[in-house]
Amino acid sequence: MRGKLIWLALVGLTWAAMMSFGGVAAETVMLYPNIFHDPPASLERAREFLAVSGPSDYFPPLGASVVLLSVAATVLSWRQRGLRWWIAAATVVFVACEFLFSVVFFWPRNEIMFVDPAGTHSPEYLRQVADEFVAGHWVRLAGGAVTAALSFTALLRWARTDQRQVP
């Protein structure tokens with residue numbers, strides 16, 4: 001039974017991590033060139049375009065599922081020395097690059113660019129904040145890629161073990 005729970009947690013974690021990374025990658029190539037093309041005008045267009053739904057509706061629930069599944073997979077597989085560090089590393093990378101970095105770095109910039117009333121900040125300041133956002137985004141993209149790779153590696157390692165010897 002424990003083996004099936006580990007398998008399910010790893011499949012779920014890998015799926016969620018890859019969905020998260022894929023979403024960030026898609027933003028990078030489809031949305032960001034439009035959003036950050038010519039601030040502040042492009043930021044205004046982005047506000048209008050993303051009025052009904054946007055990244056803030058997609059990533060928080062998905063990120064929470066990555067964290068919950070990675071914690072569950074870590075706890076369930078802790079006795080598996082060849083597996084636990086892959087999952088623990090995926091957890092740490094995701095929490096550091098996707099959650100903590102977002103809270104500290106992205107959330108204040110999102111507030112400035114997309115929440116504060118239009119005209120609150122000078123065009124020069126908005127361009128600076130947009131440039132910082134785009135530069136910092138590469139940390140988030142790299143963290144998502146590493147998390148997905150680590151979780152997939154853990155899944156492959158689990159799939160290759162002899163399940164009859166699992167406690």
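Tutor: We will take a few labels in turn, and the model they belong to is a predicted one.

Student: What makes the end-to-end distance of helix 3 agree with its number of residues?

Tutor: Helix 3 covers residues 55-76, which is 22 residues. At 1.5 Å a residue they should span 32 Å, and the end C-alpha atoms are 31 Å apart, so the two values agree.

Student: Which residues of helix 3 are buried?

Tutor: They are Phe59, Leu62, Gly63, Val66, Ser70, Ala73, Thr74 and Leu76.

Student: How do you know that the buried residues line one face of helix 3?

Tutor: Seen down the helix axis, they fall within an arc of 165 degrees, so they line one face. Ser56, Pro61, Leu68 and Val75, on the other side of helix 3, are exposed. The cover over the buried residues includes helix 1 and helix 4.

Student: Why is Arg109 called buried?

Tutor: Buried means under 20% relative accessible area. Arg109 has 18%, so it counts as buried.

Student: What is Glu132 called, at 26% relative accessibility?

Tutor: Partly exposed, because 26% lies between the limits of 20% and 50%.

Student: Why is the contact between the side chains of Arg109 and Glu132 called a salt bridge?

Tutor: The rule asks for a side-chain nitrogen of Lys or Arg within 4 Å of a carboxyl oxygen of Asp or Glu. Here the N to O distance is 3.0 Å, so the pair qualifies. Arg109 is in helix 4 and Glu132 in helix 5, 23 residues apart, and the pair links distant parts of the chain.

Note on methods
Residues are numbered from 1 along each chain as its sequence is written. This is a predicted model: local features need pLDDT of at least 70, side-chain atom pairs count only at pLDDT 80 or more; totals for chains, interfaces and linings use all residues. Side-chain values use heavy atoms; hydrogens and water are left out. Helices (H or I, at least four residues) and strands (E, at least two) are DSSP runs, numbered from the N terminus. The expected span of a helix is 1.5 Å times one less than its number of residues. Buried means under 20% relative accessible area, exposed over 50%, partly exposed in between (1.4 Å probe, protein chains only). The arc is that of the directions from the helix axis to the C-beta atoms. Contact means heavy atoms within 4.5 Å.
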